[in-house]
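Here is a short briefing for someone meeting this structure for the first time.

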Amino acid sequence: MSSSLDLAQIGKLGEDMGAAFLSNLKDKVPDIENYAKSEGVKMAQCLATITSLFAAGAIKEDEAKLQLDIQKHAARAILLTIEGLGALAVEAAINAALNVAKGAVNTALGFALI
Amino acid sequence: MKELLRILSKCIVVIMLLSGCTIQFVSKYDDQTDTNVTALQKKFDTYFINLKSEAYPACSYSNHISFYNDAKIQLSGIQVRAKAIPLNDITIKQLESLSLAISDLEKSQQLKDKESSCINPLLIDTDQIMFNSIFTAILKLEIAKKRGEAK
């Protein structure tokens with residue numbers, strides 16, 4: 001019974017871990033992308049409303065600035081979500097790769113060390 | 001290259017043994033945060049819808065001071081809980097953004113009081129969209145923290 005990983009097994013392990021990592025990460029990208037795009041459209045529409053009202057004299061500069069500030073805070077919240085979703089995606093990808101390694105280590109050792 | 005893979009694999013094994021085999025960058029899901037943020041979102045939605053139908057002086061800031069006070073108290077409770085949860089920095093920053101947005105909305109309404117007028121209905125719509133974007137952002141991340149677990 002082998003109690004260590006030979007070079008060929010290590011190479012295969014590296015490939016399998018890499019594949020698990022990338023596959024996991026790729027799954028999450030469309031959701032993050034769609035979210036960013038749809039929120040970006042809303043931001044642009046709201047910005048257009050504020051600027052057109054200001055241009056038409058319907059609101060004054062101080063009110064326009066406050067409204068733009070609200071939009072900045074919204075944009076920050078959205079960007080933070082994208083950052084968080086990205087962190088969760090990387091976390092899941094790393095854990096998927098570690099699970100692949102765990103399986104390989106236990107198989108090589110012949111018992112469930114991990 | 002093979003030597004590098006060998007060293008990398010050994011490092012990963014050591015890390016796994018030391019770390020208990022999983023990595024966590026973001027806090028776990030908190031159902032109280034989910035529930036309380038959702039409740040606050042409904043409060044704001046109701047506020048914007050009512051505000052659009054009000055004429056001056058019904059729409060004035062002085063008529064809505066209790067709304068702002070209640071909202072700030074609710075938000076403060078959510079923030080206190082969020083700060084008590086480890087690895088929750090992103091949600092804490094999002095709640096700060098919400099707090100600042102509420103403050104700006106309040107100032108905006110106070111400005112209109114000086115003009116004896118209401119916030120333009122188009123701006124109320126814009127504010128509703130922006131606030132819902134903030135709430136969605138917070139909730140989207142919170143729900144994602146479930147990490148596919150059935151709760």
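At roughly what angle do the axes of helix 4 of chain B and helix 5 of chain B cross, and within what distance do they come? They cross at roughly 165 degrees and come within 10 Å, with axes fitted as lines to C-alpha atoms over the stretch in contact and angles running from 0 to 180 degrees between N-to-C directions. This is a predicted model, in which local features need pLDDT of at least 70, side-chain atom pairs count only at pLDDT 80 or more, and totals for chains, interfaces and linings use all residues. Residues are numbered from 1 along each chain as its sequence is written, and chains are lettered from A in the order in which they are written.

**Helices 4 and 5 of chain B**

- Helix 4 of chain B and helix 5 of chain B are therefore roughly antiparallel to each other (an angle over 145 degrees).

**Helix 4 of chain B and its surroundings**

- Helix 4 of chain B covers residues 89-114, and its 26 residues should span 38 Å at 1.5 Å a residue, which agrees with end C-alpha atoms 38 Å apart (the expected span is 1.5 Å times one less than the number of residues).
- Its buried residues include B:T91, B:A101, B:D104 and B:Q109 (buried means 20 or more other C-beta atoms within 10 Å of the residue's own, with C-beta atoms placed from the backbone).
- The buried residues of helix 4 of chain B pack against helix 2 of chain A, and also against helix 2 (31-52), helix 3 (65-84) and helix 5 (121-144) of chain B.

**Chain B as a whole**

- Chain B has 5 helices and 0 strands (DSSP runs numbered from the N terminus, with at least four residues of H or I for helices and at least two of E for strands).
- Of the 151 residues in chain B, 29% are buried.

**Chain A and the contact between chains**

- The contact takes 44 residues from chain A and 42 residues from chain B (two residues are in contact if their C-beta atoms, placed from the backbone, lie within 7 Å).
- Helix 2 of chain A gives the most to the side of chain A that touches chain B, with 28 residues.
- Helix 1 of chain A and helix 2 of chain A pack at about 170 degrees with axes 9 Å apart.

Conventions. Buried ≥ 20, exposed ≤ 12 C-beta atoms within 10 Å, placed from the backbone. Parallel < 35°, antiparallel > 145°, perpendicular 65-115°, else oblique.
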